[in-house]
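Me: Let's look at the inside of this model. Please take the cavities and the cores in turn.

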Amino acid sequence: MSQHLVKDAEKTDSTSSGEVSESSSFTDEKTIVSTGSDVQTIVYDVPDKRGNRVTRFLQYTFFSTYRKLFTFTFFANLAVFIGFVAKTKGAPLASDVVDATAANLMVCILFRQENFVNVVYEIFTRAPQSLPIWIRTDLAKVFHYGGAHSGTGVASVVWFILYTAVVTRNYVLDPTTAARGVVITAYFLLACFLFILIAAHPTFRVKFHDSFEATHRFAGWTIVIVFWTGFMLAADEQRRINHVPLGLQIAKTPAFWFLCVITFCIILTWLRLRHRDVYPEVLSDHAIRLHFKYRPLKPFYGVRVSTRPLMEWHAFATIPDDDENGKITGYSFVVSNAGDWTDSIIKNPPKKLWIRGDPLYGLLISARLFKSYIIVATGSGIGPFLSLIHANLSPCRILWSTPSPETTYGQTIINTVLKADPKAIIWNTRERGRPDMVALTYQLVQESNAEAVFIISNPKVTRLVVYGMETRGVPAYGAIFDS
């Protein structure tokens with residue numbers, strides 16, 4: 001859930017061909033590892049990966065669920081686009097094209113609206129554990145829903161390019177004042193669309209995340225406002241042609257209702273903006289746990305917080321806070337030093353933070369689809385798993401690799417981990433160096449006969465473990481970084 005919780009982890013390498021390297025500091029197949037307070041020997045040799053480099057790259061890297069969703073969404077639109085243009089012999093009505101644009105924008109926005117996304121998660125993760133494992137492993141990939149968001153977003157730009165061409169042609173044929181206004185707004189909107197599309201490219205987004213976020217927000221608001229303006233101008237022009245009242249012309253246009261949903265979703269999120277009291281618990285000079293008491297929050301949710309609500313937001317997976325009777329009275333999340341913002345939060349613990357929107361489900365809710373699972377975390381990635389541990393859904397084993405766990409995160413978090421798994425592998429990288437994450441994860445899978453692996457780490461380690469498990473037939477799930 002959190003872009004910060006995944007940064008504080010050990011580094012690993014991957015090759016440019018898409019084949020993830022599994023090099024490690026270990027050379028022995030029989031490796032001694034620390035397991036809680038005990039010592040254990042790895043007795044399961046990690047098998048070879050399935051297939052060859054090309055088939056593995058295509059199946060486990062290139063054709064990810066996110067990309068499959070994007071491809072399906074985009075090419076379904078493209079097929080309709082081509083058929084639509086062919087049916088109208090290259091002269092579609094502008095109103096029909098703007099309906100298609102608005103419909104895609106609405107779906108794009110819905111897949112970023114908390115309540116809608118939570119419903120999607122509920123539908124996919126409520127399947128019974130008695131279903132065949134292959135069905136449940138596919139359902140658990142619901143967190144790739146960002147592919148539908150980006151697919152419809154790109155499709156809406158393609159449709160709007162066609163719309164701009166149509167209204168330009170209409171203006172050339174009949175250069176009225178109203179048509180001129182429609183054309184001007186269309187070209188302005190097209191520029192905004194293309195600007196957002198370019199800024200959303202993963203390369204730009206990773207290097208300039210704050211700029212990407214601001215671009216997405218302010219350009220997006222501008223698009224909605226100008227879209228409404230252009231729509232009203234076009235509706236006024238159309239009602240003159242049809243000789244009907246403006247209200248009737250607007251009401252019978254699908255784009256109007258799509259725009260209403262879009263506007264409502266955006267406004268609703270900001271109507272829920274609140275400045276909440278924070279109760280900080282300093283864990284070390286590297287980590288802090290922030291507690292909130294204004295509402296109880298069950299496991300699996302995440303929240304977005306900010307010190308500058310118009311400029312930047314930071315998402316964190318929450319942990320339920322209990323009272324002495326075990327009743328949930330609030331929630332908290334762990335912040336580790338992963339950049340300027342987190343560093344300032346740790347050094348100057350806030351008394352208040354802005355919180356926007358409703359809490360949002362995250363990756364780990366998919367764990368309720370499985371009868372048993374492995375928890376893999378590096379650094380502060382253990383934070384989100386504390387929510388899963390609290391839920392106590394199914395038997396689990398835990399692998400946590402982090403520098404100086406007691407010093408950095410405190411004995412309370414360690415005790416929580418060991419209570420959930422008395423044989424948990426808590427690997428102190430400060431003393432022992434980097435572990436072979438794939439070998440240790442596979443060891444736990446074989447020991448416990450787990451059905452799935454969940455990992456929260458930085459992008460490289462996440463890819464390493466997910467790829468290492470999937471290519472050996474073990475379902476694995478980790479936060480994705482391209483949605």
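Me: Which residues lie nearest the centre of the largest cavity?
Reply: This is a predicted model: local features need pLDDT of at least 70, side-chain atom pairs 80 or more, while totals for chains, interfaces and linings use all residues. Residues count from 1 along each chain as its sequence is written, and side-chain values use heavy atoms, without hydrogens or water. A cavity is a set of points on a 1 Å grid over the protein atoms alone where a 1.4 Å probe fits but cannot get out; lining residues have an atom within 4 Å of a point. Of 13 lining residues, those nearest the centre are Phe300, Ala317, Gly362, Leu364 and Pro384.

Me: How do the residues of that lining divide by class?
Reply: Ala, Val, Leu, Ile, Met, Phe, Trp, Tyr, Cys and Pro count as nonpolar, Asp, Glu, Lys and Arg as charged, the others, Gly among them, as polar. The lining has 10 nonpolar, 3 polar and no charged residues.

Me: Which element gives the most to the lining of the second largest cavity?
Reply: Helices are DSSP runs (H or I, at least four residues), numbered from the N terminus. Phe74, Asn77 and Trp159 are among the lining residues. Two or more come from each of α2 (65-87) and α6 (146-173). The largest share, 4 residues, is from α2.

Me: How many residues has the largest nonpolar core?
Reply: Such a core joins buried (under 20% relative accessible area, 1.4 Å probe, protein chains only) Ala, Val, Leu, Ile, Met, Phe, Trp, Tyr and Cys through side-chain atoms within 4.5 Å. Leu290, Phe333, Phe385, Trp400 and Phe454 have the most contacts inside the largest core, which has 62 residues.

Technical notes:
Buried < 20%, exposed > 50% of the residue type's maximum accessible area, 1.4 Å probe, protein only. 1 Å grid on protein atoms, 1.4 Å probe; cavity = no way out; pocket = protein on both sides within 12 Å on 5 of 7 lines; lining within 4 Å.
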